[in-house]
Amino acid sequence: MQDQGLARRELIAAGLAGAAVALPVAALAQSGARAPDAPRSAPAAVRAHRVEVPMPHGGVAAGHPLAAMAGTRMLLQGGSAADAAVAAMAVMNVVEPWASSAAGNGFATCLDRKAGTVHSLAFTGGAPGLFDPAVDPAELDSGHKAVTVPGAFGGWIALARRFGRLPLSTLLEPAIGYARDGHPLDASIAMFIRRQQAVLARYPTSAAIFLPGGQPPAPRALFRNLPLARTLQGLADAESSALQAGADRDKALMAAHAHFYTGPVAREMTRFSEANGGWLRMADLAAYAPLWEAPVSTGYRGLDIYCSPLTSRTGLELCEQLNIVEGWDLSSIAADDPQLTHCLIEAIKVAKADIYRHAGDPRFVTVPVDMLLSKAFAAKRRAIIDRARAIAFPRGADIARAGDPSLLALADDRSRGGDTTSLSVVDADGNAIAVTTTVGGGFGTSVVMGDTGLLCNNGLRIGSTAPYDGHPNRAAPGKRALLGNGPVIVLDKGRLKLVCGTPGGETIGQTQFQFLINVIDRGMPIQEAIEAPRFALQADPSFYKAGAAISVQMESRFAPAVTQGLSAMGHRLEMVSPFAIGSIQGVLVDESGARMGGSDPRRMGYAVGY
């Protein structure tokens, strides 16, 4: 997405990105060097400069090194993939505060190896009951009215209850320590705080944490969030007290859930919201529950692809994209042939048109999910693609349903971006979990909720919601907005093949789509598949509008033959920095059963195995 490219360029200009990220790839491109085992279709510049991480017993690939290590610590203590995921998410709340929070939202895709089943967990809160649809859209970008009901902590508890083994106090211990005692602030996080300084400064509770002394913290400065440490400790203590009183593990975990949603945390959030003109209330928090659902899925080249259902738009988007390109033999097209990238661009274009027209919260609207996932539908949509020329951004397919809206634009219908983080886990028993969690736009609402240390998701903003009266994704009280989060699990005849996810807002489905093509059609090892150059479509004013102007952001490592060919096909290109789009974290299992973790150098992600 554009913000990521800008961020990367700023880091490079400031000398913070490090030659270890950019120079080896550039040197390989100049020398023409090629890994001996690289696939025929892989250009020389794709060669990975990070090593794959072996995970014979398990491991974690996460958006921050401390989160990956915290999750792996749980595995070393006998914990499950769910335990590792919860511990890692808690740490990401501390170390990636611009993208993650226990009061945020997200999705998890989970493989229960013993049962041989894949499950999706949605921990996504809706609009508060007092939400006013007539609100000025600018108030939904940041501030007290931008708050959606916190969902992530409920998701942590749901994962721990269903698939976990360790006590919550153990899972939260690393995060509590980093929040209380501090950790060296990553240079990129310091940069994001500096970029958001003017907004954070509006809110005293936020400024106290993120602008100590009135200034953004320096890179590698010791960063603390003492209110968050107290909140997490209170949640751990609620569980411990219940256990000491004789409760079993499940009831003790629910005591922590109650501490957040009906107890002290909920009361403080409600007090703060009401005092500052926000809409969040105790009733909203008490009514919230995460949802276990069946994932959406499709078959692709003999593999089973599982992703998040509504209210994630990415699951439907990813499946339709794969269904469209399955009709073409992509493996026969050379990587430096612009035809390959053209096919992927056009599939994304068509899928986004369909999903943005029809997707919404299924509790409020009827969504033609089965049709959008069908191979026959994909064949019809494939037929509108011109293999030689870029088509205009199409209208979403006409699918018969009651109340199909006539969309009426508001004055400002431009989508706002999102900021997110992701992790992937495998454990010694072969269970796997991918999680993508978010606070929406960078720092979410930018308002720390009273004395909790927590930021909430600003998921009511334009983009996550549609600015059109009558649209399925128009915001309404209690309604969940669409997320881009869509963690993926791939099975090969019932056996784990791949677990992965990425942040990136509008680019999430696009990044995962390209990554899957790299792995499945181009036969790349995981780290090469992660580091291969990517592109991302942007729409002006938004993907909600048929005929929107489409530009294609291209990482500058694409071969000139590719960019020149795409331009000749009619694509409008925007070149961005070499490592700018998405941040895949994943684990790939090869034919021998070897599990190899990979982590994206585009952000601060890291993989740890044992």
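The model is predicted, so to speak of local features requires pLDDT of at least 70, side-chain atom pairs count only at pLDDT 80 or more, and totals for chains, interfaces and linings use all residues. Residues are numbered from 1 along each chain as its sequence is written, and side-chain values use heavy atoms, with hydrogens and water left out.

Helices here are DSSP runs (H or I, at least four residues), numbered from the N terminus. Axes are lines fitted to C-alpha atoms over the stretch in contact, with angles from 0 to 180 degrees between N-to-C directions.

The axes of H3 (residues 65–76) and H4 (residues 81–95) come within 7 Å and cross at roughly 150°. H3 and H4 are therefore roughly antiparallel, a term for angles over 145 degrees. By class, their contact (heavy atoms within 4.5 Å) has 12 nonpolar, one polar and one charged residues.

H15 (residues 338–358) and H18 (residues 508–520) pack at about 140°, with axes 11 Å apart. Leu344, Ala347, Ile348 and Lys352 of H15 meet Gln510, Phe513, Gln514 and Ile517 of H18.

Finally, a search of the whole structure finds five cavities of 30 Å³ or more; a cavity is a set of points on a 1 Å grid where a 1.4 Å probe fits but cannot get out. The largest cavity has a volume of about 50 Å³. Its lining residues (an atom within 4 Å of a point) include Asn105, Arg480 and Leu483.

Definitions and conventions
Helix = DSSP H or I, 4+ residues; strand = E, 2+ residues; numbered from the N terminus. 1 Å grid on protein atoms, 1.4 Å probe; cavity = no way out; pocket = protein on both sides within 12 Å on 5 of 7 lines; lining within 4 Å. Points joined across faces, edges and corners; volume = space filled by probe spheres on them. Parallel < 35°, antiparallel > 145°, perpendicular 65-115°, else oblique. Nonpolar A, V, L, I, M, F, W, Y, C, P; charged D, E, K, R; others polar.
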